[in-house]
Amino acid sequence: MSHVKRIRDAQDQAAFAELFQHFAPRIKAFLIKSGSDATTAEECAQEVMATLWHKAHLFDPARATVATWVFTIARNKRIDVLRKQRRPEPEDLGWGPEAEPDQDDVLALQQETAQLRDAMAALPEAQRELIEKAYFGDLSHREIASQTGLPLGTIKSRIRLALDRLRHAMN
């Protein structure tokens, strides 16, 4: 935290260099594990660190640790990159109305959705909450651990058990 404060208050380049050396490789590894290629991960890591430099005044130690703040910025940058990659170019856009989906496909999807909803409701509350945070909240296991105060191993075990139960319920 003191490094961010020094950057905020005095544009301390030495403090920034230390944070950069600490976080840049970790951010890059995080992004690669999240599915980014090495070049994109490197570019995003650079952007995250530039954001840290320019927005150090926005850091609130009462809300998060420096690591949580930095990795939240990284996660958001990754989402921005994915959105840009998925946005179709104008020539890729189809013209006219899209074909109606096959009714059998619609019915099958509705049935699977209802089955999944029932399977989620049948999970123990502790497991259901972790599944929701991990898959619907898009949080990493570490982020969930810091948010809930539970040990990382407990989180991984509960999620693994919940996924096994869901897998069995869906078959």
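## Model and confidence

Helices here are DSSP runs of type H or I with at least four residues, numbered from the N terminus, and the loop between α6 (125–136) and α7, where Asp-138 is found, is named on that basis. The model is a predicted one, and its pLDDT averages 85 over the chain, with 91% of the residues scoring at least 70. Confidence is lowest in helix α4 (residues 66–86), where the mean is 85, and highest in helix α7 (residues 141–148), where it is 92.

## Overall fold

The secondary structure amounts to eight helices and zero strands, which gives the pattern α-α-α-α-α-α-α-α when the chain is read along its sequence. The chain is more spread out than a compact globule, because its radius of gyration is 21 Å, well over the 16 Å that the globule rule gives for 171 residues. Along the principal axes, the C-alpha trace spans about 65 × 50 × 25 Å.

Two pairs of residues give a sense of distances in the model: Pro-25 and Gln-85 are 60 residues apart in sequence and 23 Å apart in space, C-alpha to C-alpha, while for Arg-167 and Arg-63 the corresponding values are 104 residues and 36 Å.

## Surface and charge

Buried residues make up 25% of the 171 residues in the chain. The chain exposes about 11900 Å², and carbon and sulfur atoms supply 52% of that area.

## Helix α7 and its surroundings

The buried residues of α7 are Glu-143, Ile-144 and Ala-145. These buried residues of α7 pack against three other elements, namely α4, α6 and α8. Just after α7, Gly-149 takes a positive phi of about 80°.

## Loop residues with positive phi

Asp-138 is not a glycine, yet its phi is positive, at about 55°. Asp-138 belongs to the loop between α6 (125–136) and α7, and its relative accessible area of 39% makes it partly exposed.

Gln-11 likewise has a positive phi, in this case of about 45°, although it is not a glycine. Gln-11 has its place in the loop between α1 (2–10) and α2 (13–33), and at 47% relative accessibility Gln-11 counts as partly exposed.

Note on methods
Residues are numbered from 1 along each chain as its sequence is written. This is a predicted model: local features need pLDDT of at least 70, side-chain atom pairs count only at pLDDT 80 or more; totals for chains, interfaces and linings use all residues. Side-chain values use heavy atoms; hydrogens and water are left out. Helices (H or I, at least four residues) and strands (E, at least two) are DSSP runs, numbered from the N terminus. The radius of gyration is taken over C-alpha atoms; the globule rule is 2.2 Å times the number of residues to the power 0.38. Buried means under 20% relative accessible area, exposed over 50%, partly exposed in between (1.4 Å probe, protein chains only). Accessible areas come from the Shrake-Rupley method with a 1.4 Å probe; for residues, only the protein chains shown count as cover. pLDDT is the predictor's confidence in each residue, from 0 to 100. Contact means heavy atoms within 4.5 Å.
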